[in-house]
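Visitor: I would like to know how such descriptions are backed up. Please show me, and let me ask as we go.

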Amino acid sequence: MRIGLGYDVHAFAPDRKLILGGVDIPHHQGLLGHSDADVLAHAISDALLGAARAGDIGKLFPDTDPKYAGADSLKLLEAVAEHVRSLGFEIVDVDSVIAAQAPKLSPHRDAMRENLAHAMGVSVDAVGVKATTTERLGFEGREEGISAQAVALLTRRC
Ligand SMILES: Nc1ccn([C@@H]2O[C@H](COP(=O)(O)O)[C@@H](O)[C@H]2O)c(=O)n1
Ligand SMILES: C[C@@]1(CO)OP(=O)(O)OP(=O)(O)OC[C@H]1O
């Protein structure tokens, strides 16, 4: 068994979509990034890559490469899952937490879990998504941005 940890942050910006776990969430601002800035998909990607000791998302998809401008991060996650499988691992379980003061994310939890599970080729039961405010503390609490953390458990294919 291997465990991996992922963490990512994106800043809020006007005139951007808020995409989390592949869900387009109605909000007055969205996240800034080279890709669609899906901070949750990025944290999970890094957790998978960490467990496989295969670098990180920026190594696979450099933010200097125009190919990834506006990229759908679920597609990047799908590629990460394929990559860790090609290295001989199976994805056993993933859990995650999003720190966002707003908007309320729990109504979107199941849609996020389904999208993420589909991208990784695992059952929905193997994907946890949680949300927390930071009680108005820090950059998330000031609604300057959103952070996400994830852990992933991989097993070696026999
Ligand atoms: N953006 C968020 C933040 C939180 N939630 C849900 O609210 C619960 C309480 O959050 P606290 O930060 O006050 O502990 C949390 O457990 C989530 O269920 C949310 O949906 N969206
Ligand atoms: C997803 C990538 C793709 O170029 O770009 P960003 O959306 O900027 O996201 P970040 O987590 O800052 O960096 C990782 C990059 O791989």
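**How do you know?**

Guide: Start with helix α1: Arg-53 follows it, and the phi of Arg-53 is positive, near 55 degrees. Helices are DSSP runs of H or I with at least four residues, strands are runs of E with at least two, and both are numbered from the N terminus. This is a predicted model, where local features need pLDDT of at least 70 and side-chain atom pairs count only at pLDDT 80 or more, while totals for chains, interfaces and linings use all residues. Residues are numbered from 1 along each chain as its sequence is written, while chains are lettered from A and ligands numbered from 1 in the order in which they are written.

Visitor: What span should helix α1 have, and what is found?

Guide: Helix α1 covers residues 39-51, so 13 residues at 1.5 Å each should span 18 Å. The end C-alpha atoms of α1 are 18 Å apart, so the two values agree.

Visitor: How many of the residues of α1 are buried?

Guide: 13 of its 13 residues are, so α1 is mostly covered by the definition: 20 or more other C-beta atoms within 10 Å make a residue buried, 12 or fewer make it exposed, and anything in between is partly exposed, with C-beta atoms placed from the backbone. Over the 158 residues of the chain, 43% count as buried.

Visitor: Is Asp-8 buried or exposed, and why?

Guide: Asp-8 has 23 other C-beta atoms within 10 Å, so it is buried. Asp-8 is found in strand β1, residues 2-13. Leaving aside neighbours within four places in sequence, its contacts include Val-39, His-42 and Ser-147.

Visitor: Which residues does UniProt place in the feature "binding site"?

Guide: The unreviewed UniProt entry names Asp-8, His-10 and His-42. They are spread over 35 residues of sequence, yet they cluster in space, with a largest C-alpha distance of 10.1 Å. UniProt positions follow the numbering used here, feature names are shortened, and annotations may be inferred rather than shown by experiment.

Visitor: Which residues are around ligand 2?

Guide: Among them are Asp-8, His-34, Ala-37, His-42 and Asp-63. Such a residue has its C-beta atom, placed from the backbone, within 6 Å of the molecule. By class, this shell has five nonpolar, five polar and two charged residues. Here Ala, Val, Leu, Ile, Met, Phe, Trp, Tyr, Cys and Pro count as nonpolar, Asp, Glu, Lys and Arg as charged, and the others, Gly among them, as polar.

Visitor: What surrounds ligand 1?

Guide: Ala-100, Lys-104, Leu-105, Ser-106, Ala-131, Thr-132 and Thr-133 do. Three are nonpolar, three are polar and one is charged.

Visitor: What is the peptide bond from Ala-102 to Pro-103?

Guide: That bond is cis, with omega near 0 degrees. Pro-103 is found in the loop between β5 (89-99) and α4 (109-120).

Visitor: How does the radius of gyration of the chain agree with a compact globule?

Guide: With 158 residues, such a globule would have a radius near 15 Å, and the chain has 15 Å, so they agree. The radius is taken over C-alpha atoms, and the rule is 2.2 Å times the number of residues to the power 0.38.

Visitor: How many helices and strands does the chain have?

Guide: The chain has five helices and seven strands. Along the sequence they follow β-β-β-β-α-α-α-β-α-β-α-β.

Methods: Expected span 1.5 Å × (residues − 1). Contact = placed C-beta atoms within 7 Å.
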